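Please consult the sequence and the model while reading.

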Amino acid sequence: MTKKFYVTTPIYYSNDIPHVGHAYTTIAADILSRWHKIKGEDVFFLTGTDDHGKKIVQAAEKAGKLPKEFTDSLIPKFKEAWKKLNLGYDRFIRTTDKDHEKIVQEILQKVFDKGDIYKGKYEGFYCTGCEAYYTEKDLEKEFCPIHKTKIEKLKEESYFFKLSKYQKPLLDLYKKNPDFISPKTRKQEIINRVKDGLKDLSISRTSFNWGVPLPFDKKHVAYVWFDALFNYYSATRQKGKEKFWPADVHFIGKDILWFHTVYWPAFLLSAGIELPKRVFAHGWWTFDKEKISKSRGKVLGVNELTGIAGVDSARYFLFRESVFGEDADFSEKALIDRHNNELADKLGNLISRVSALAEKYGIEKCENKLLKKLNLNEIEKLFSNYELDKVLNEIFGFIDSCNEYIQSKKPWETHDKKVLYELCDSIKAIAILLYPFIPETSEKIAKNFGFEIKLDNIKKPLAVKKIKKNEILFKKIEVNNG
Ligand code: MSP
């Protein structure tokens, strides 16, 4: 049976245009999705938007629009940005999609019937920017620790989810599935907080109506996180998609790890639904060491990002520069340096020299001994641990070996067709392995050298055909130091 792979991104609040922080997670999911596709697996890659909640209501009011009309106007911006970045998702889900709302209602009813939801009164602090509840001790005076905005005090009738009941099952889960919270470095903090005790969670609001109505009390709408988290599951209730649940991995940013590793599994346990295999939290991109975020004013849009050195260079940079899981600082100069020194000088140069020589002297099939320098097993292992920077490091190590080989064998003097074959066959391996990161470039190489982008093709010798000098793949960018 074909293996399946299901990867998700957070669903982004549709209150503004997407920025590099959103792009980062979505490219990561695209990389993994493409990797599993070239391995021949059946892949489902889900992304989308979080359209409900108070944050959206406020942004819509500010824009003088109704929430639905307002979010509708932002969706094309997300889709355009994802198209620009060459992101091949399989579904773009919105929490306003009818199939999703129906599933959320069914689950609310199920959890209510089970006795895990009860009526009470919520009195406490709420940050609309985070769409999260806070206790007095979490706050910095009266301000949100993340947004630094003054926090609202809520007092309203609300339904509560019995989160406290799930303390032990959650602790058992973290023990039984040590990878559930990844990377390891982020695990202990969650475990300690859960050990400290869990309070029941307010899961409904009455002060606005932009949300999924509770099926058992229509005066209330579901708390935005109860609604949003279920997108991952509701997308798999469509015909033909059922096999994808449970998700193999939810990629998220570190700021929403609590919601995904505490609330989410507790809701699923209560609803009797199988749990996802892994939640992987990456770090934050800072811009001159400040978090890039729309609510704090530092934003780098997708067009600005791709405008620096093109789409593939942007995708490559984000995963070469950061250790996936840790914070990283964005700088235009670092992106241009990597574009020039790695993509243009190392990769681009290799392809253009080899293709030019192959065009001139031809190639002759032989055993490719150079390929022995490629550690494919290691690359596969690194991919399965999401060590994406290290994957790139390995591939570029092999590119270095190819560049050294051409220097030492001097095929421009010897006209050795066999050496040129080894180099062309090695380029096939490089392009296939780089495809998840820089798909457009890999496709151009594959077309010229005549192979299909499939992992299995690395081990199959390249068929001999006429190769032409490749067009320049990465033009060097002049750095303006003034
Ligand atoms: N709607 C919720 C997610 C619900 S998922 C069921 C949400 N949306 S968001 O639009 O505010 O943010 C989505 C993601 O973007 C988060 O994972 C967050 O970590 C990420 N990023 C926002 N700014 C970021 C950076 N500067 N760097 C990296 N990622 C960051 O939260």
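## Basis of the model

This is a predicted model, in which local features need pLDDT of at least 70, side-chain atom pairs count only at pLDDT 80 or more, and totals for chains, interfaces and linings use all residues. Residues are numbered from 1 along each chain as its sequence is written, and side-chain values use heavy atoms, with hydrogens and water left out.

## Overall chain

The protein chain has 17 helices and 16 strands (DSSP runs numbered from the N terminus: helices are H or I, at least four residues; strands are E, at least two). Along the principal axes, its C-alpha atoms fill a box of roughly 85 × 55 × 40 Å.

Of the 482 residues in the protein chain, 58% are buried (under 20% relative accessible area, with a 1.4 Å probe and protein chains only).

## Paired strands

Strands pair if DSSP finds at least two bridges between them. Strand β4 (residues 117-127) runs antiparallel to strand β6 (residues 152-161), and ten bridges join them. Here E123 stands opposite K155 in β6.

Two bridges also join β6 to strand β8 (residues 201-202), again antiparallel. F160 has S202 in β8 as its bridge partner.

## Residue D425

D425 lies in helix α16 (residues 417-434). Its relative accessibility is 4%, so D425 counts as buried.

Leaving aside residues up to four places away in sequence, D425 touches N368, L371, K460, P461 and L462 (contact means heavy atoms within 4.5 Å).

Note on methods: Buried < 20%, exposed > 50% of the residue type's maximum accessible area, 1.4 Å probe, protein only.
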